[in-house]
Amino acid sequence: MSACGKGGRWEKTLELLGAMAQSKVQGNTVTFSTAISACEEVSQWESGLSIFGLMLQSKVVLDTITFNATMSACAKSGEWEKAVFLMSVMVQCNVERSVTSFNAAISSCEKGGEWEKALQIFSAFVQSMVESDTVTLGALVSACEKANAWESALQVFAVLAQSKVQE
């Protein structure tokens, strides 16, 4: 399944997932996350969300990787509202948010032109004590730049200058 996903053959990955279900083979977190990641690679956010829904129905454990892959699939397609919603679901499900989680949500807002929402997520990010990285900085600055909100971009730099930014 992973080889199909990495090879851009997301449809084959979905076929394998369907064949497992027909054979009464229960998928697990890794299986479903791999299928979601395959959808993410080719910006098939709807399929990624469908698989995420199957996980919920199957009562498969949701983890940070699953959420991140689903959020990234949404982010790549500019579906910022869905990515932000998934971020809130992570909190409700007590799933740990990582730098990748925050970056996916911030990037989705940047792509959707929602710079103020990106800054709100960044504020939650700072409060979470998760260390930011250059992706965080790039997405935030880009979101502010697109909105001609240079003062906000400077504030982001000031906050990040006080904390350690990972390469």
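Glu110 is buried, at a relative accessible area of 10%; buried means under 20%, exposed over 50%, and partly exposed in between, with a 1.4 Å probe and protein chains only. The side chain of Glu110 meets that of Lys146 in a salt bridge, 2.5 Å from N to O. Here a salt bridge is a side-chain nitrogen of Lys or Arg within 4 Å of a carboxyl oxygen of Asp or Glu.

This is a predicted model, in which local features need pLDDT of at least 70 and side-chain atom pairs count only at pLDDT 80 or more, while totals for chains, interfaces and linings use all residues. Residues are numbered from 1 along each chain as its sequence is written, and side-chain values use heavy atoms, with hydrogens and water left out.

**Overall fold**

- The protein chain has ten helices and zero strands. Helices (H or I, at least four residues) and strands (E, at least two) are DSSP runs, numbered from the N terminus.
- From the N terminus on, the order of elements reads α-α-α-α-α-α-α-α-α-α.
- The protein chain has 167 residues, of which 44% count as buried.

**Salt bridges**

- The whole structure holds three salt bridges. Side chains of opposite charge can pair when their charged atoms come close.
- One of them is the Lys146 and Glu110 pair, at 2.5 Å from N to O. Lys146 lies in helix H9 and Glu110 in helix H7 (residues 99-111), so the pair ties together parts that are 36 residues apart in sequence.
- Lys76 is partly exposed, with 40% relative accessibility, while Glu40 is buried, with 13%.
- Glu79 pairs with Lys82, their closest N and O atoms being 3.4 Å apart. Glu79 counts as partly exposed at 22% relative accessibility, and Lys82 counts as partly exposed at 31%.

**Helix H5**

- Which residues of H5 are buried? They are Thr64, Thr66, Phe67, Asn68, Ala69, Thr70, Met71, Ser72, Ala73, Cys74 and Ala75.
- H5 is thus mostly covered, with eleven of its 13 residues buried.
- The 13 residues of H5 should span 18 Å at 1.5 Å a residue, and the end C-alpha atoms are 18 Å apart, which agrees. The expected span is 1.5 Å times one less than the number of residues in the helix.

**Helix H9 and its ends**

- Buried residues in H9 are Thr136, Ala139, Leu140, Ser142, Ala143 and Cys144.
- Asp133 caps the N-terminal end of H9, with a side-chain oxygen 3.1 Å from the backbone nitrogen of Val135.
- Asn148 follows H9 and has a positive phi, near 55°.

**Start of helix H3**

- Thr29 lies in helix H3 and is buried, at 16% relative accessible area.
- The side chain of Thr29 reaches the backbone oxygen of Val61 at 2.8 Å. A polar contact is a pair of N or O atoms within 3.5 Å; within protein, one must be able to donate a hydrogen and the other to accept it, and residues adjacent in sequence count only if both atoms are side-chain atoms.
- The backbone oxygen of Thr29 lies 2.9 Å from a polar side-chain atom of Ser33.
- Ser33 is also found in helix H3 and is buried, at 6% relative accessible area.

**Cysteines**

- How many disulfides are there? The count is zero, where a disulfide is a pair of cysteine sulfur atoms within 2.5 Å.
- Cys74 is buried, with a relative accessible area of 0%. Cys109 is buried too, with a value of 0%.

**Surface patch**

- Trp150, Leu154 and Phe157 form a nonpolar patch on the surface, with about 350 Å² of accessible area together. Patches are made of residues with over 30% relative accessible area and no salt bridge; like charges are joined within 9 Å, and nonpolar side chains (Val, Leu, Ile, Met, Phe, Trp, Tyr) within 5 Å. Accessible areas come from the Shrake-Rupley method with a 1.4 Å probe, and for residues only the protein chains shown count as cover.
- Phe157 lies in helix H10 (residues 150-162) and is partly exposed, at 40% relative accessible area.
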